[in-house]
Amino acid sequence: MKKLHPVLPAARERALIDNDAYLAMYQQSVEDPEGFWTEQAGRLDWFKPFSRVKDVSWDADDLHVRWFDDGVLNACYNCVDRHLETRGDQTAILWEGDDPARDEAITYRQLHSRVSRMANVLKELGVVKGDRVTLYMPMIPEAAIAMLACARIGAAHSVVFGGFSPDALAGRIVDCESKLVITADEGLRGGRKVPLKANVDAAKSRPGVMDHLESVLVVRNTDAGVPMQDGVDHWLHEREADVADDCPCEPMGAEDPLFILYTSGSTGKPKGVLHTTGGYLLYAAYTHEIVFDYQDGDIYWCTADVGWITGHSYIVYGPLANGAITMMFEGVPNYPDYSRFWQVVDKHQVNICYTAPTAIRALMREGEGPVKATSRQSLRLLGSVGEPINPEAWEWYYNVVGEGRCPIVDTWWQTETGGIMISPLPGATDLKPGSATRPLPGIKPALLDADGNTLEGEAEGLLVITDSWPGQMRTVYGDHARFVKTYFSAFRNRYFTGDGCRRDKDGYYWITGRVDDVLNISGHRMGTAEVESALVAHKAVAEAAVVGYPHDIKGQGIYVYVTLNAGIEPTEELRAELRQWVRKEIGPIATPDLIQWAPGLPKTRSGKIMRRILRKIAENEYGNLGDTSTLADPDVVDDLIANRLNR
Ligand code: 6R9
């Protein structure tokens with residue numbers, strides 16, 4: 001029996017929503033969804049109001065998702081301009097550098113001027129409404145400013161995580177045909193330099209990139225001397241010197257694209273998840289307010305990188321739409337030492353801290369000392385996102401970091417959902433460590449068995465959503481068929497999440513993890529297929545199979561089975577080389593943890609790799625391999641077991 005943590009009285013007292021209010025809101029959202037979402041849409045300022053709330057079909061033959069589609073608005077206006085009158089001098093972005101001596105507070109008025117200037121530079125460089133702009137940025141204010149500048153002029157941004165390789169960057173530039181890349185000379189993380197501009201230069205030489213790319217706008221960050229290509233590369237500070245600091249907001253249809261964000265699926269290359277303006281922004285703002293019980297003046301910190309959806313929705317769009325004080329952190333949890341997160345909390349008097357289980361586990365391993373060295377009295381609420389949080393880490397976060405004073409919101413959602421879907425509300429929900437608890441008002445989850453039958457009550461099955469919500473992704477950029485196939489072909493009229501889930505007798509949801517071939521490494525999604533195709537691109541490799549296995553800190557580690565080409569010697573040097581190879585092809589987060597030499601892979605007679613078996617061996621659970629009767633050559637399994645690496 002897992003421990004129940006009832007709603008904390010202090011949390012209930014201040015919260016906007018208590019349990020009765022939650023239940024009433026949920027009921028209303030089910031009975032009258034259009035009325036519910038119309039009311040929520042009042043959070044945004046519309047240049048022209050919408051007349052139709054929802055036009056959605058989840059029928060695979062005619063799949064379309066449109067919300068508020070004749071409404072006109074601008075996301076940047078909602079995040080910046082509309083706050084000028086009431087809170088122009090309030091901090092919008094609070095930035096904390098990798099170097100603890102560096103920080104900066106940017107007011108809404110300053111943000112307005114910096115965004116407008118960058119928007120004018122983008123226009124001068126030929127960016128127009130409807131274009132795509134790729135951002136490859138460190139965690140500096142200019143990352144958020146660049147996103148908002150794109151939104152201001154109606155260009156869709158595609159943020160590529162600064163830890164990705166030149167090849168990964170190039171693929172994403174080509175896929176969405178970006179005209180412009182915004183980057184910095186270098187990034188800084190944990191005292192180490194990240195050669196962003198050099199990576200962009202390398203990406204430029206990849207096939208197809210210069211067919212689309214016209215310019216690279218470079219932010220001066222570390223002041224490293226980087227080569228600048230005439231006519232292509234431009235320093236932001238030089239271009240900004242002679243532009244105006246006002247720039248009108250482009251009127252955008254609610255369904256005009258706001259951004260593309262690439263995420264991993266179970267097959268093929270990463271897909272460009274497309275989010276549009278009205279529904280996404282409304283959903284980010286709504287969820288940011290209710291889940292974090294955000295109230296004026298609260299100091300809110302989401303530790304994610306803007307390269308992930310969490311950074312988009314909960315550093316930039318949700319908080320700024322709500323006029324919040326949002327913190328942006330350039331650094332890492334263990335630099336200069338393991339107290340850093342909590343030192344930052346004390347320094348800026350942070351009230352709400354939203355981070356990932358992998359960070360919590362890494363800090364937990366260092367013991368209570370580094371936490372206890374700090375005060376943390378300002379903290380009121382803690383959040384978790386990215387993967388299931390194990391109850392031990394949950395209890396540590398709750399008791400050691402929060403000293404039992406702060407509720408934890410364990411928020412389940414996805415790049416595709418735009419915002420949080422299943423989560424406690426701090427003033428309403430009794431907490432169970434490890435459970436994301438209940439759906440937010442407006443969200444209708446269900447559990448299905450493999451045949452698509454709906455499971456009622458206490459059950460375990462596949463998690464689907466049964467009705468649209470405004471933050472839902474609209475398509476896979478440039479590949480609508482893939483959108484249909486990935487999410488709507490498994491079950492008729494249901495959005496399939498790819499996650500397994502259990503619902504307990506109280507109606508609480510417990511996410512059990514991906515049921516497809518998607519890995520979750522430290523909260524970062526990666527397709528096994530991506531890592532495999534990187535490996536087989538190496539000349540020594542004949543075949544590769546990749547599975548996840550339980551990893552203490554990262555949640556999942558990457559376990560690789562490699563079959564070498566005939567005549568190639570399996571050596572430690574080759575192992576190291578393959579690790580480096582994958583890092584270079586995809587990025588450091590894709591580095592294999594364990595590489596096992598596999599003379600053969602277990603295959604069915606039709607040639608399908610039986611990943612189930614490989615997973616069991618990687619988990620060191622080889623005693624129970626289940627049905628192996630369809631194996632073409634059962635002997636390969638004995639060899640793999642005998643030489644397994646995770647013992
Ligand atoms: C926001 C984000 C989505 C996948 C998702 C699930 C896992 C995220 C979770 C969680 C259990 C949570 N996931 N939050 N699992 N509890 N609170 O992480 O988006 O990068 O697209 O990943 O992450 O498996 O399907 P994204």
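Predicted model: local features only at pLDDT ≥ 70, side-chain atom pairs only at ≥ 80, totals over all residues.
Which residue forms a salt bridge with Lys54?

The partner is Asp467, and the closest N and O atoms of the two are 3.1 Å apart. Look at where they sit: Lys54 is in strand β1, residues 54-57, while Asp467 is in the loop between β23 and β24.

Next, please find Lys197. Its salt bridge is with Asp233, with 2.8 Å between the closest N and O atoms. Lys197 lies in helix α9 and Asp233 in strand β12, so this pair ties together parts that are 36 residues apart in sequence. And are these two buried or exposed? Both Lys197 and Asp233 are buried.

Now go towards the end of the numbering, to Arg615. Its side chain meets that of Asp517 in a salt bridge, at 3.3 Å from N to O. Here again distant parts of the chain are linked: Arg615 belongs to helix α21, residues 611-618, and Asp517 to the loop between β26 and β27, 98 residues apart. Arg615 is partly exposed, with 32% relative accessible area, and Asp517 is partly exposed as well, at 23%.

There is also a network of salt bridges, which links Arg14, Asp293, Asp298 and Arg380. Altogether, the count for the model is 46 salt bridges.

Asp98, in the loop between β4 and β5, is buried and yet has no salt bridge. The nearest side chain of opposite charge belongs to Arg340, 5.0 Å away. Asp98 does touch Arg340, though, and its other contacts include Leu188, Arg189, Glu330 and Tyr335.

Let's turn to the ligand. How many residues are around it? There are 17, and those that come nearest are Asp410, Thr411, Thr415, Asp499 and Arg525. In Thr415, an N or O atom of the side chain is 2.5 Å from an oxygen atom of the ligand. For Gln414, a polar side-chain atom lies 2.9 Å from a ligand oxygen. With Asp499, the distance from a side-chain N or O atom to an oxygen of the ligand is 2.7 Å. On its own the ligand has 530 Å² of accessible area, and the protein covers 96% of that. The elements giving two or more residues to the shell around the ligand are α13, β20 and β26.

Last stop, the backbone. Most residues other than glycine have a negative phi, and most peptide bonds are trans. Keep that in mind for these three places. Pro336 is in the loop between β17 and α14. Then there is Glu177, whose phi is positive, near 55 degrees. You'll find Glu177 in the loop between α8 and β8, partly exposed at 43% relative accessible area. And Ser522, in the loop between β27 and β28, has a positive phi of about 50 degrees without being a glycine.

How values were computed: Residues numbered from 1 in each chain as written. Heavy atoms only, no water. Helix = DSSP H or I, 4+ residues; strand = E, 2+ residues; numbered from the N terminus. Buried < 20%, exposed > 50% of the residue type's maximum accessible area, 1.4 Å probe, protein only. Lys, Arg positive; Asp, Glu negative; His and termini not counted. Salt bridge = Lys/Arg side-chain N within 4 Å of Asp/Glu carboxyl O. Contact = heavy atoms within 4.5 Å. Near = heavy atom within 4 Å. Polar contact = N/O pair within 3.5 Å; in protein donor to acceptor, adjacent residues only side chain to side chain. Areas by Shrake-Rupley, 256 points an atom, 1.4 Å probe, with all protein chains shown as cover. Lists of a residue's contacts leave out its neighbours within four places in sequence.
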